[in-house]
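Here is a quick tour for anyone meeting this structure for the first time. Have a look at how the parts touch one another, then read on.

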Amino acid sequence: MQKGIQRHNWPVYVLLALGCIIMVFPFLWSVLTSFKTLNESLKVPPTFLPVSWQFSSYTDVVTAYPFLMFFINTFGMIIIRLAITLLISAMAAYAFARIPFFGRGMLFLLCLIPMMVPSQIFIYPQYMLAVKLKITNSVLGLALPGIASTFGIFMLRQHFMTIPDSLEEAAILDGCGRGRIFINIMLPLSKTPLVSLGIFTALFAYKDLMWPLICNTKIEAMTLSSGLAYLQGQYTTKYPQLMAGSVIAMLPMILLFIVLQRQFVGGIATAGLK
Amino acid sequence: MKRKHLSDNLWGFAFIAPSLLLICVLNLWPVVENLYYSLCKMKGFAKPVFIGFTNYITAFSDGEIGQAFLNTLFYTLLTVPIGVLLSLVTACFLNTGIKGKGFFRTLYYIPVVSAPVAVAMVWKWMFNDEYGIINYILKALGLSTLNWIADGNVILFTLAIIGIWGMIGYNMIILLSGLQSIPKSYYEAAEVDGAGAVKQFFSITIPLVSPALFFVIITTFISSLQVFDSVYMIVSETNPAFQNGESIVYLFYRYMFNVSNKGYGATIGTLLLLVILLFTCVQMKSQRKWVLYQ
């Protein structure tokens, strides 16, 4: 099959290019629309390129809504989740993989249960917890549901199990305690899976809509996702403004992806096969 | 030796304590709470009153829930087969040793890193009945146009297109790394034995990529059953197609946080959990018949 296609593989290129157009066109169209006037956006037949490039939709949206706060909230939430979840998931995963302690198997199974439950089930109890802690409408509230990761423990445990025993035994003979082993040996060997888990965590937090919608109802406490949903309620059919808003919301993650492509793609691939 | 035992136990518990504690508070206890709420009457922030299985009995005679389950199931049965097939085809194309693989992969992956809210908004604009580009293109090609957003017979197809578009990049990456681990020599041997491309695809590619394929099917199945963002952005309550487009998680959200009949919302959540567990069990059972683990 390999050779057969290589000999005359132009149909493959054509189909892939067609797929690319379908994948990219929505982004292109939203950018083009965002630079048109309202009247031009409603023209039939539509113009492809804007007659004159208008920047006013962007200034409209940014002055009417606290987009800077949306950014700060979104990335604040991501940073808090990353800082806590990476550390404590790695600790738990190391213990589950390499320290023989009482009840290890059973406790590990207990930690896996949430992976099988749709996350909506947790959301009202989590909301009540946020209310009790008085952290609704804050970045802490946004971060709350994502600070522990069953998936992270599972994935990192797989990784720690592949590290050869000899390394750890030598350290124990040298008088290293578990804490030292974890910090000086295990963590430095785990950069790749930690980066993968970090990207996973960040992407999930960035894309989530339901939790920010529920937890933070004040406009200046919203994330890019929930802020944008709010924007749609206000502008309803003013498409250039709506498209400007969505371009602003999509751009940071797309840029991050283009810079960190290898890590994004590599992480997904390993997470999927384990 | 005894001291080592003790110290291992102490270290073990100390290392898992933060995660275990948080998982108990944030995930495990909420499952129990949700189960309890589903057996209660809860209006607003009033104290829950135990009413037994009343909510479940109501749920089974409630046409709205039935409709939402049917909508979600129809959506899932559209997105999973078509989406997985397109992902597999794309991955196979990218695995044929073509030039510019990295470039294609990057472009296909961009939808995965885009906020679903923004994406849904863009699609809603493109699917606009009067001014949308999609109806314009259909008209230009001499085809009949559709009322993509407000027609009850079309809305689930609209949502499915958005869902499929958004998942291909992710699934393709997983399938591609599965395909890349198949040794080239297998195909060479098959060629020598005179097996054609189709035979090779079904006898070598499919069995050897089956673990990745199984993972992709299970995860897209589960996430499709939980479709929410695009429904929230496109199928508002004022939309005439609301009844035909409402998904089960959207219904859950409405009862939990808008209608504020939280006991009933919790019941819907529990039913969703049961449906997901049921489908997952069936798929886990059936994997023995077709998934090949080496």
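## Where the two domains of chain A meet

In this predicted model, 11 residues of domain 1 of chain A are in contact with 11 residues of domain 2 of chain A. If you want to find the two on screen, the domain assignment puts domain 1 of chain A at 2-59 and domain 2 of chain A at 67-273. Their C-alpha centres lie 33 Å apart.

How much area do domain 1 of chain A and domain 2 of chain A bury between them? The figure is about 850 Å², with 83% of it on carbon and sulfur atoms. Go looking for salt bridges between these two domains and the count is 0.

Now for the side of domain 1 of chain A that touches domain 2 of chain A. At least two residues each come from α2 (10-34), α3 (38-41) and α4 (56-64) of chain A. The largest share belongs to α2(A), which supplies 5 residues. Sort the residues on this side by type and you get 4 nonpolar, 6 polar and 1 charged.

## Chain B against chain A

Let's turn to the two chains. Here 91 residues of chain B are in contact with 94 residues of chain A. Together the chains bury about 8700 Å², and carbon and sulfur atoms give 78% of that.

Which residues of chain B lose the most area to chain A? They are F15(B), M121(B) and W125(B), which together make up 9% of what the chain B side buries.

## Charges and polar pairs between the chains

There is 1 salt bridge to spot between chain B and chain A. Its partners are D8(B) and R178(A), and their closest N and O atoms are 3.1 Å apart.

Where does the largest share of the chain B side that touches chain A come from? Helix α1 of chain B, residues 2-37, provides 22 residues of that side. By type, the residues of chain B that touch chain A split into 62 nonpolar, 19 polar and 10 charged.

Definitions and conventions
Residues numbered from 1 in each chain as written. Chains lettered and ligands numbered in written order. Predicted model: local features only at pLDDT ≥ 70, side-chain atom pairs only at ≥ 80, totals over all residues. Heavy atoms only, no water. Domains from an automatic or database assignment. Contact = heavy atoms within 4.5 Å. Buried area = accessible area lost by both parts, 1.4 Å probe. Salt bridge = Lys/Arg side-chain N within 4 Å of Asp/Glu carboxyl O. Helix = DSSP H or I, 4+ residues; strand = E, 2+ residues; numbered from the N terminus. Nonpolar A, V, L, I, M, F, W, Y, C, P; charged D, E, K, R; others polar.
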